Amino acid sequence: MAKWWKNAIVYQIYPKSFKDSNGDGIGDLAGITEKLDYLHELGINVIWINPIYCSPMEDNGYDISDYYKVDPLFGSNEDMDRLLEEAGKRDIKVLLDLVVNHCSDEHPWFQKAKADPNCEEAGYFYFKTTDDGQRPNNWRSNFGGSVWSQLPDQRWYFHTFSPKQPDLNWENPKLRKKIYEMINWWLDKGIAGFRVDAITFIKKDLTFASRKAEDGYLYPIENLTDYPGIEVFLSELKEKTFDRHNCMTAAEAPGVGKETFRSYAGENGFFSMIFDFNWESMEGEADKSAIDAVERWKNRIFQSQKFTYQNGWSGVFLENHDQSRCVNKFLEEDCRNYFSTTALAVLYFYLYGTPFIYQGQEIGMTNLAWKTIDEMDDVRAKGMYQEAIEKGEDPSKVLKYFGELGRDNARTPMQWENSENAGFTTGTPWMKVNENYPAINAADQEQDPSSILSFYKKVTRLRRDPKYQDTFAEGNFSPLYEDVPALIAYTRAKDLQTVSVIVNFKKQSQAVPLTSGTCILNNYGSLTEKDGQMLLAPYQAVVFASVPLD
C-alpha cells in the first residue's frame, strides 16, 4: 500500500486548550470542527487529537475510563462523527491518541479487579502481595514516587505513571484481544491512525527485582523501556490491527536505540514512524545563541537525520503537548522575533520525516511565566515538586525547571484573537491564558502577510507542492556547509532534483557560498549576493531548488 503519510503534514491538537464552543472554559470537538477551515488554510492534511475518551482527567485524558466513548467534556460520539465527516470534506485525516500501556483506575476493568482478586479482569493488571507488607521493589514511576500503590486488601498494583493509571498486563492474551478489538473499532469508524503513547513501557521485567539507584532513593522506571520480548507484543499488535488498515501510526517510543530502530520504524516496522527526540531541545545550554551550542545542536540533528535516512522514518517536530514552546527551547530571549521563529520552521520542515506542527506554534506562542506551583496543572510537575520537598531539596528549583521546560507551557489556551480570554472561550478558561495574547494571536496574523502564520502557510505549501513533494518524501539527506559555524544547511536530493535548505542560526550576518538554483522560499524580503557569496542576515532562512520540475 502507498505510504501516504510520507506526504502528510500533521497538526497536533490538545483539545482541552484548542477551542471552546459552549462557554464552559474547556475546548471540545465542536470547537475543532469550527476551526477546520483555519487548519485547511494553514496547509495541513492530518490532525492528531490528544485523548478525548472518557477520563477522570488525572493526567489530562491519558487515564482512560472508557475507550469507546467521548468524554462529555469534549462532546459526544456524534460530535466525533461530525468532525470526521467535516474533516473529510476538506481532505483532512484524523489521528487519535492510542493509550494502551495503562488505563484509569476508574475503568470498569480495574474496578472489577479491585473488588474480586479472582475475576478475569484481575489478570488484566499487575498485582503483587508481599510477606512484609512493603513495596515489591524500589522502582520509581515517571511521575515521582514508587511504581507501586496498595489497595485496602493489601495487594500492590503497578503503575508506570500516576497511581490513577494502573498498567495493563500485556502478558495476558485476553487483555490483548480486548485492546485489538477497540483499535479496530476506531479504525473501522474512519480514524486514519494513531499517535501511540508510551508504547515501549508495555513489556515489563517480570522478575520485578529491585535495582541499584544512583541517588539511593528509587530506580527510574524509564531505564526499563523497550525491554526484551516487547517485539512479540508489537508484532501481534501490528498484525491484528494496523496491517488490516492503510493507517498511519506515530509512536512515542522512549528507549528505542539504533539497534532496534528498524524494528520500530523501518520498511516493515511495527509503526509508520517514531518521533525523533534526539534533538528536541537545547536543554543544559547556558546560552542557546552561542555558536558552540548551535554547533552541538546541529550535530545532533545531522547525526539523527543521516541515521534515519538509512534505517526508516520519523516524525519531526519542534513542539508537542509534553514540551515547552520552541521559541523558548531554542532561542534566547533577546533573539526571539519573526526571523528567528520562521527560521526554526524552515530548519525542520524539510528534514527527512513527517513534519508535525503543534497548536499555536504557527503563530509563535511562548511559554507562560508561572508564579507558583498552584498555577500549574501538570501532575508530573506537582509530583516532582512534592518529592523535592520530601527529600529536603529546594522546591523552587523544580518550579524553575518546569517554568522553562514543563508540559503546561504548551497547554495554555490557543490564542485566537485580541479579545477576552484570547477568543478561546466565552467562559472561564480551565487554564490561565498567556498574557501576551494581544500581541500574539491568529486573527491579527491572518490579516498580516508578513506574519509568522502567513509564513507557515508558505512553508506548508512548499512541503506539499507536487513539484517537490517526492524529493521531500524520498530524497537523500546530506549535510551542507558543515564547517560554517552556526549555519544549519542540508540538501534533499532525488533523481535530477536537489533542494537546498540553508539557515543562518546566528545573531550576526555571515557570508556563505552562493547556492545554485532558484530561491523558492526566503523569510527575508531579499537575498544579498556579493563576490560569489550570499550574505545571510541574522536568522535568515532560504530554500533553493535546482532543476525545478514543471
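A crossing is right-handed if the near helix is turned clockwise from the far one by less than a right angle. All views below show a predicted model.

**Figure 1. Right-handed crossing of helices H5 and H6.** The crossing of H5 with H6 is right-handed. Helix H6 spans residues 230–240, and its axis lies 10 Å from that of H5, at an angle of about 40°. The two helices are therefore oblique to each other. On the H5 side the contact involves Arg 176, Tyr 180, Ile 183 and Asn 184, which meet Phe 233, Glu 236, Leu 237 and Lys 240 of H6. By residue class, this H5–H6 contact comprises four nonpolar residues, one polar residue and three charged residues.

**Figure 2. Packing of helix H11 against helix H12.** Helix H11 covers residues 379–390 and helix H12 covers residues 395–405; their axes are 8 Å apart and form an angle of about 155°. Because angles over 145 degrees count as roughly antiparallel, H11 is assigned as roughly antiparallel to H12. The crossing of H11 and H12 is right-handed. H11 contributes Arg 380, Ala 381, Met 384, Tyr 385, Ala 388 and Ile 389 to the contact, and H12 contributes Pro 395, Val 398, Leu 399 and Phe 402. Nine of these contact residues are nonpolar and one is charged, with no polar residue present.

**Figure 3. Salt bridge between Asp 167 and Lys 204.** The closest N and O atoms of Asp 167 and Lys 204 are 2.5 Å apart, and the two residues form a salt bridge. Asp 167 belongs to the loop between strand E9 (156–158) and helix H5 (173–189), whereas Lys 204 belongs to the loop between strand E10 (193–196) and strand E11 (219–220).

**Figure 4. Salt bridge between Glu 171 and Lys 203.** Glu 171 and Lys 203 form a salt bridge in which the closest N and O atoms are 2.7 Å apart. Distant parts of the chain are linked by this pair: Glu 171 is in the loop between E9 and H5, Lys 203 is in the loop between E10 and E11, and the two are 32 residues apart. Glu 171 has a relative accessible area of 29% and is partly exposed. Lys 203, with a relative accessible area of 12%, is buried, because buried means under 20%.

Figure 5. Arg 296 pairs with Glu 285 in a salt bridge, the closest N and O atoms being 2.7 Å apart. Arg 296 is in helix H8 (residues 291–311), and Glu 285 is in the loop between strand E13 (273–275) and H8, eleven residues apart from Arg 296. The relative accessibility of Arg 296 is 40%, and this residue counts as partly exposed.

**Figure 6. A network of salt bridges.** Side chains of opposite charge can pair when their charged atoms come close. Salt bridges link Asp 59, Asp 322, Asp 378, Arg 407 and Arg 411 in a network. The count of salt bridges in the model comes to 34.

Figure 7. Leu 36 is located in helix H2, which spans residues 36–42. With a relative accessibility of 0%, Leu 36 counts as buried. Beyond residues up to four places away in sequence, Leu 36 touches Ile 47, Leu 83, Glu 86, Ala 87, Arg 90 and Ile 92. Leu 83 is 47 residues from Leu 36 in sequence, with a C-alpha to C-alpha distance of 8.8 Å.

**Figure 8. Positive phi at Ala 198.** Ala 198, a residue other than glycine, has a positive phi near 45°. The residue lies in the loop between E10 and E11. Ala 198 has a relative accessible area of 2% and is buried.

**Figure 9. Positive phi at Tyr 481.** Although Tyr 481 is not a glycine, its phi is positive, at about 50°. Tyr 481 is found in the loop that runs between strand E16 (476–480) and strand E17 (487–494). The relative accessibility of Tyr 481 is 22%, and Tyr 481 counts as partly exposed.

Methods: Residues numbered from 1 in each chain as written. Predicted model: local features only at pLDDT ≥ 70, side-chain atom pairs only at ≥ 80, totals over all residues. Heavy atoms only, no water. Axes fitted to C-alpha atoms, helices over the stretch in contact; angles between N-to-C directions. Helix = DSSP H or I, 4+ residues; strand = E, 2+ residues; numbered from the N terminus. Parallel < 35°, antiparallel > 145°, perpendicular 65-115°, else oblique. Contact = heavy atoms within 4.5 Å. Nonpolar A, V, L, I, M, F, W, Y, C, P; charged D, E, K, R; others polar. Salt bridge = Lys/Arg side-chain N within 4 Å of Asp/Glu carboxyl O. Buried < 20%, exposed > 50% of the residue type's maximum accessible area, 1.4 Å probe, protein only.
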